[in-house]
Amino acid sequence: DDGFVISKKFAETYKMRNHDGHMRDLVVGDKLSDGHGNKGVISLIVDPNMSDAEAEAQGILNPVKMMRANPDLDIAMPLFSGPSRFNAGTGREMLNGKKQDFVDINGKTHEAAMGQMRIIITDKSADAKTHIYDDDEIAAGNGRKASAQLAWALNSKEASAIMNECYGNNGSTLSNIREMLITTGLDMDET
């Protein structure tokens with residue numbers, strides 16, 4: 001799952017039922033989803049009111065600056081979430097919804113670069129649904145070995161041998177699409 005950065009205000013406003021049935025604030029590890037199948041786990045909750053010194057000490061100065069510069073920003077999703085799932089619904093919803101300017105950490109304003117969309121707080125809570133794999137389970141082949149973020153980072157460094165070792169041939173989705181096209185008398189270019 002992709003990592004989502006959320007504001008402290010969002011975490012405190014939208015509650016989740018914990019393992020004993022009581023409502024609680026969202027915490028790191030809780031799972032969110034948009035209405036288009038792009039899901040993610042809260043990886044960081046940012047308090048924009050923390051001091052720069054405290055943010056620097058925690059290694060989160062840039063996310064704090066981002067939330068501080070954009071007080072209406074509740075969630076920052078990875079840009080590759082939709083494309084990695086061949087899903088354009090998120091982008092379409094944001095393009096069709098209310099848009100606002102986004103101010104980056106250098107103070108540059110990007111016109112209409114922040115959008116509004118619906119988010120689902122799933123029942124996958126950090127306290128009830130998280131499983132930490134021990135060494136024996138990992139040795140038995142259980143657990144996730146490599147994330148989508150790692151794949152994007154490896155591709156950016158042209159590490160194709162490592163990609164092939166971690167992920168193997170992951171072209172089954174495109175192969176299925178091509179086979180469907182061929183049955184209708186169409187085809188796609190393989191380049």
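Strand E4 (residues 31–34) runs antiparallel to strand E5 and is joined to it by 3 bridges. Strands are DSSP runs of E with at least two residues, helices are runs of H or I with at least four, and both are numbered from the N terminus. Two strands count as paired if DSSP finds at least two bridges between them. The model is predicted: local features need pLDDT of at least 70, side-chain atom pairs count only at pLDDT 80 or more, and totals for chains, interfaces and linings use all residues. Residues are numbered from 1 along each chain as its sequence is written, and side-chain values use heavy atoms, without hydrogens and water.

The chain holds 10 helices and 9 strands. Of its 191 residues, 27% are buried, where buried means under 20% relative accessible area, exposed over 50%, and partly exposed in between (1.4 Å probe, protein chains only).

Ala 112 has a phi near 55° and sits in strand E8 (residues 109–115). Ala 112 is partly exposed, at 38% relative accessible area. Glu 158 also has a phi near 55°. Glu 158 belongs to the loop between helix H8 (148–156) and helix H9 (160–167), and is exposed at 72% relative accessibility.
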